[in-house]
Amino acid sequence: MKLIDTHSHIYGPEFDEDRVEVYERAHSAGVEALVLPAIDSECNGAMFEMARNYDNCYPLIGLHPTSVNDNPQWRSELAEVERLLDACNGGASSAPIGSAERPVEHFWGVGEVGLDFYWSADWKAEQSECFRRQVELSIEYDLPLVVHTRNAWDEMLTLLEEYKGKARGILHAFGEGVEVYERIKRLGGFVVGIGGVVTYKKSALAESVPHIDLADMVLETDAPWLTPVPFRGKRNESGYLTYICGRVAELKGVSPEEVAEATTQNAKRVFGL
């Protein structure tokens with residue numbers, strides 16, 4: 001089977017001691033590509049380095065909503081996202097790859113961006129402003145979004161409905177009911193990211209997956225978080241994507257190979273890989 005992990009933070013400090021081994025285990029498990037979502041400028045350097053070192057690691061750029069919560073300088077962070085997109089995807093830069101002006105050859109999406117009202121409801125307006133601008137950037141550069149949503153599904157989908165037919169991408173870490181999935185389908189252009197939560201007991205996602213078309217899903221780990229069974233409670237890694245694939249296959253009543261083929265093609269289509 002060939003798989004694509006559409007959401008891996010393998011560049012994070014949780015992997016500093018064994019990043020090469022984690023990458024090799026993923027490769028041995030059939031994970032042929034890893035999509036690397038951004039968080040903020042503090043994390044970008046490590047992500048850029050990972051993307052430069054491995055041809056099958058595809059970097060995104062964006063400002064995570066929890067960084068808007070915690071960072072009073074979020075507008076400066078957002079301006080940096082805009083600058084990097086122009087430098088790497090604008091087509092005009094002659095700076096060498098690896099320089100501050102052009103740290104990677106190309107960004108493959110705008111993410112991880114979105115709304116997160118779990119930790120605090122005090123920054124709703126700021127998060128919405130920041131997310132809206134990044135949706136507009138994704139349209140301007142014709143890039144998919146990778147959207148983080150926590151305790152904000154109605155607000156998220158209401159905002160995205162304003163860009164119906166223009167914005168596209170992945171609703172990351174989907175764990176909602178069929179009604180939310182049907183609302184996402186009506187947006188057009190979006191698929192849902194299925195991760196380790198699908199393997200948990202009493203998982204609402206496990207109840208939804210039988211009703212989600214294979215054409216509307218991609219697989220993801222969100223490593224090092226949301227570790228699937230049988231490794232729940234330990235650090236997640238991209239090689240565990242096979243357990244997510246297997247559980248989806250069980251719930252859909254199809255073979256793991258069929259799930260792998262469909263979700264890999266979906267990921268390639270979304271990101272233009």
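Mentor: Helices (H or I, at least four residues) and strands (E, at least two) are DSSP runs, numbered from the N terminus. This is a predicted model, in which local features need pLDDT of at least 70 and side-chain atom pairs count only at pLDDT 80 or more, while totals for chains, interfaces and linings use all residues. Residues are numbered from 1 along each chain as its sequence is written, and side-chain values use heavy atoms, with hydrogens and water left out.

Trainee: Which strand gives the largest share of the lining of the largest pocket?

Mentor: That is S5, with three residues. Strand S4 (110-116), strand S5 (145-150) and helix H8 (204-208) each supply at least two.

Trainee: And what lies nearest the centre of that largest pocket?

Mentor: His148, Arg150, Ala173, Asp222 and Leu226 do, out of 26 lining residues. A pocket here is an open set of points on a 1 Å grid over the protein atoms alone, where a 1.4 Å probe fits, with protein on both sides within 12 Å along at least five of seven lines, and lining residues have an atom within 4 Å of a point.

Trainee: Switching over, which helix gives the most to the second largest pocket's lining?

Mentor: H2 does, with five residues; helix H1 (19-28) and helix H2 (41-53) each supply at least two. The lining counts 17 residues, and Tyr11, Gly12, Pro13, Arg19 and Ala46 lie nearest the centre of this second largest pocket.
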